[in-house]
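Me: I'd like to learn how to read a structure like this one, feature by feature. Can you walk me through it?

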Amino acid sequence: MSGIERAIRARILRDRELLREAAAAVLDAAAVTSSTPWRPDGNSVNSPGTYVAIAYQCFGDAEWMALTDPTLAEPLAAVFREAADEHEQHVDDDTGDHERCGGTVLSDCSCFVAVYLMAVHLLVKAGRIPTPE
Ligand SMILES: [Zn+2]
């Protein structure tokens with residue numbers, strides 16, 4: 001196996017683990033939050049019986065924060081786990097060939113791009129990986 005082939009294999013395996021790490025990150029973060037549902041109320045975000053946060057810039061900030069309350073953690077983790085499972089079962093570790101679409105990850109297979117970008121975003125925000133260069 002050439003150096004390039006080893007690098008491709010390492011990247012393929014790392015991306016799969018990144019998806020699993022994103023699932024863990026959202027569940028870990030949700031486990032220590034205020035009760036749900038969160039609801040926007042003007043510039044504040046409230047959970048049942050208390051305030052969660054005050055958004056000082058605009059009401060839209062509070063609405064956005066309430067959209068992503070911890071109820072979203074489990075289904076979002078499921079998306080990451082299912083993508084990792086699909087990747088593990090149907091992407092060749094050595095070549096990156098994705099049998100379902102006939103493309104190659106890191107090339108002409110775009111099947112994992114959106115979920116991978118979400119995972120990277122969340123892992124950077126969670127401080128679990130550095131900001132990509
Ligand atoms: Zn694909």
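**Reading the model**

Reply: Let's begin with burial: of the 133 residues of the protein, 21% count as buried. A residue is called buried if 20 or more other C-beta atoms lie within 10 Å of its own, exposed if 12 or fewer, and partly exposed in between, with C-beta atoms placed from the backbone. This is a predicted model, so local features need pLDDT of at least 70 and side-chain atom pairs count only at pLDDT 80 or more, while totals for chains, interfaces and linings use all residues. Residues are numbered from 1 along each chain as its sequence is written.

Me: How many helices and strands does the protein have, and in what pattern?

Reply: Helices (H or I, at least four residues) and strands (E, at least two) are DSSP runs, numbered from the N terminus. Here they come to four helices and three strands, and the pattern along the sequence is α-β-β-β-α-α-α. The radius of gyration of the protein is 18 Å, well over the 14 Å that the globule rule gives for 133 residues, so the protein is more spread out than a compact globule. That radius is taken over C-alpha atoms, and the rule is 2.2 Å times the number of residues to the power 0.38. Along its principal axes, the C-alpha trace spans about 60 × 30 × 25 Å.

Me: Which domains does the assignment give?

Reply: Domain bounds come from an automatic or database domain assignment. In this case it gives domain 1 (1–32 + 69–133) and domain 2 (34–68). Their centres, taken over C-alpha atoms, are separated by 30 Å. Four residues of domain 1 are in contact with five residues of domain 2, where contact asks for C-beta atoms, placed from the backbone, within 7 Å.

Me: Where should I look for the core, and which elements give two or more residues to it?

Reply: In soluble globular proteins, nonpolar side chains tend to be buried together. A nonpolar core here is a set of buried Ala, Val, Leu, Ile, Met, Phe, Trp, Tyr and Cys residues joined through C-beta atoms within 7 Å. The largest one has 18 residues, and Leu-19, Ala-22, Ala-23, Val-26, Phe-80, Ala-83 and Ala-119 touch the most other members. The elements giving two or more residues to this core are helix 1 (3–30), helix 3 and helix 4 (113–125). Helix 1 gives the most, with seven residues. Leaving aside neighbours within four places in sequence, the contacts of Phe-80 include Leu-19, Ala-22, Ala-23 and Ala-119.

Me: Is His-87 buried or exposed?

Reply: His-87, found in helix 3 (residues 73–90), counts as buried because it has 24 C-beta neighbours inside 10 Å. Beyond its neighbours within four places in sequence, His-87 is in contact with Arg-16, Leu-19 and Phe-112. The C-alpha atoms of His-87 and Leu-13 are separated by 9.2 Å, although these residues are 74 apart along the chain.

Me: Now the strands. How many bridges join each pair?

Reply: Two strands pair if DSSP finds at least two bridges between them. Strand 1 (residues 39–41) and strand 2 are antiparallel over three bridges, and Pro-40 has Val-45 as its bridge partner in strand 2. Strand 2 (residues 44–47) and strand 3 are antiparallel over four bridges. Val-45 is partnered with Ala-53 in strand 3, and Ser-47 with Thr-50.

Me: Which backbone features sit in the loops?

Reply: Most residues other than glycine have a negative phi, and most peptide bonds are trans. Leu-106 is not a glycine, yet has a positive phi of about 70 degrees. Leu-106 lies in the loop between helix 3 and helix 4 and counts as exposed because it has 12 C-beta neighbours inside 10 Å. A cis peptide bond joins Thr-36 and Pro-37, with omega about 0 degrees. Pro-37 is in the loop between helix 1 and strand 1.

Definitions and conventions: Contact = placed C-beta atoms within 7 Å.
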